[in-house]
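My notes follow in the order in which I looked things up.

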Amino acid sequence: MIERYTLPEMGRVWSDAHKYELWCQVEVLVVEAHAEAGTIPPEVVEPVRKAPPPTPEAVHAIEAVTQHDVIAFLSAWADNTEPREAARYVHFGMTSSDLLDTALALQLVEASDILLAKADALVATLRDHALAHRATLRVGRTHGIHGEPDVWGHRVADFAFAMARSRDRLRRAREAVGVMAISGAVGTYSNIDPAVELHVARRLGLRSADVSTQVVMRDGISEWVSALAIMATVCEAVALEVRHGQRTEVRELWEPFGKGQKGSSAMPHKKNPIISERLAGMARIVRAQVVPVLEGIPLWHERDISHSSTERIALPDASIALDYMLNLTNRLMSGLVVDEARMRANLESTGGLIYTSTVLLELVEAGMSRDDEAYPLVQKAAMETWETGVPFRETLRKHAAEAGLTLDEARLDTVCRPERFVERLTPVFDRLTSLA
């Protein structure tokens, strides 16, 4: 991921320097386990433990010759070991994937914890925003067309619960990727005792794979990336709502716009929804990693490396992009400007057409058949309002009279109130209040 979208904490998780720190940590634990079992001399443990991780530059210089990243790492780390002879017991009985998959599990868990903390914060921001606007009337839209009255808090509550579900989905996926294996060349423990694997797993807070070949099966990692993609898409759903609400013709919502900020190099009046548009674009990046990672599940026999090049790009990019998105979505919702007066004006802008569903039901309850009488009458009145701008109650009154029907005006006054449409949302907001 490019530096522009990489936040420091998540960037460090995927840095080469941190990766080599984790590789050292895994190898030290294996050496300790071997020494405790009497497989290797105990006096080599301390020199290996004290050896500082090699620099990325040192590893890359050797890899340019060996064309093998793990061998390059081991050689560079051996150069840092005093006495160097102790390094000959590093990686004893292991294969490269034992190291790679175990350290990768640590990186995925670390990345998950960063994302989960930010998801928690975003859930709280969405929840609080929705509760603050539980009585902010606006029109609900279906297919982009005015439907019935709603409240802004209801729309945001949907986002809050969706983000909470996404967070919980990621928590489950964190467990799926916290899996390691140190089982040797084809996973048969031919040159390493399974007790070593258990020792390392316990010390790292990971779970030993139920079975491994040379690698851990990639279904857990695929689940993790899918969870990230869903969460990113929920962020995009929030962004899409804001983008629509900030359109000039709608003008109900505004992204935060800082002092000195510019919207256009050519048009000084512009206040563009750049945060929301950026979120929409970045969600595509996260989603784009799902299929390539899924395709790492089927490998040739016990292992090939067709998955590894994909994962070197896909896993950092997906988590770094989502980390940035969560940060940006929280900023968006924390500073979102809600124009309540404009929402009310838009709600009333169609001359009462938002009450057609209620009027239809009132006529049915008055004794008219739904399909043959009530619906055609209400639709004719509504279409005339669409075409002429005459308020719906007037066109309704006209067409009712033509059908020989006298309207109960007092009853219509009672039911054609926007507040009536949202009276039953109380349980939704009660559930939202308890959302953690």
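Entry 1. I began with E311 and R218, whose side chains meet in a salt bridge, N to O at 2.7 Å. The pair links distant parts of the chain, 93 residues apart: E311 sits in helix α12 (residues 306-334), and R218 in the loop between β4 (207-208) and α9 (219-246). I checked burial for both, and E311 and R218 are each buried. I note here that the model is a predicted one.

Entry 2. I then searched the whole structure and found 32 salt bridges. One of them joins R203 to E32, with the closest N and O atoms 3.4 Å apart. This pair also links distant parts of the chain, since R203 belongs to helix α8 (residues 194-204) and E32 to helix α2 (residues 16-37), 171 residues apart. E32 has a relative accessible area of 10%, so I list E32 as buried.

Entry 3. I looked at R174 and D113, which form a salt bridge at 2.7 Å, N to O. R174 is in helix α7 and D113 in helix α6, so the bridge ties together parts 61 residues apart in sequence.

Entry 4. Next I looked up E255, in the loop between β5 (253-254) and α10 (274-287). E255 is buried but has no salt bridge. Where is the nearest side chain of opposite charge? That side chain belongs to R331, 7.1 Å away, whereas a salt bridge needs the nitrogen and oxygen within 4 Å. What the side chain of E255 does reach is the backbone nitrogen of S276, at 2.6 Å. Beyond its neighbours within four places in sequence, E255 has contacts that include V242, Q246, N272, P273, L332 and L336.

Entry 5. Last, I turned to helix α18 (residues 426-433), where V428, F429 and L432 are buried. They cover an arc of only 90 degrees around the axis, so they are on the same side of α18. In general, residues three or four places apart in an α-helix point the same way, because there are 3.6 residues a turn. I also looked up what the buried residues of α18 pack against: α6 (96-132), β2 (145-151) and α7 (152-177).

Definitions and conventions
Residues numbered from 1 in each chain as written. Predicted model: local features only at pLDDT ≥ 70, side-chain atom pairs only at ≥ 80, totals over all residues. Heavy atoms only, no water. Buried < 20%, exposed > 50% of the residue type's maximum accessible area, 1.4 Å probe, protein only. Helix = DSSP H or I, 4+ residues; strand = E, 2+ residues; numbered from the N terminus. Arc of directions from axis to C-beta. Contact = heavy atoms within 4.5 Å. Lys, Arg positive; Asp, Glu negative; His and termini not counted. Polar contact = N/O pair within 3.5 Å; in protein donor to acceptor, adjacent residues only side chain to side chain.
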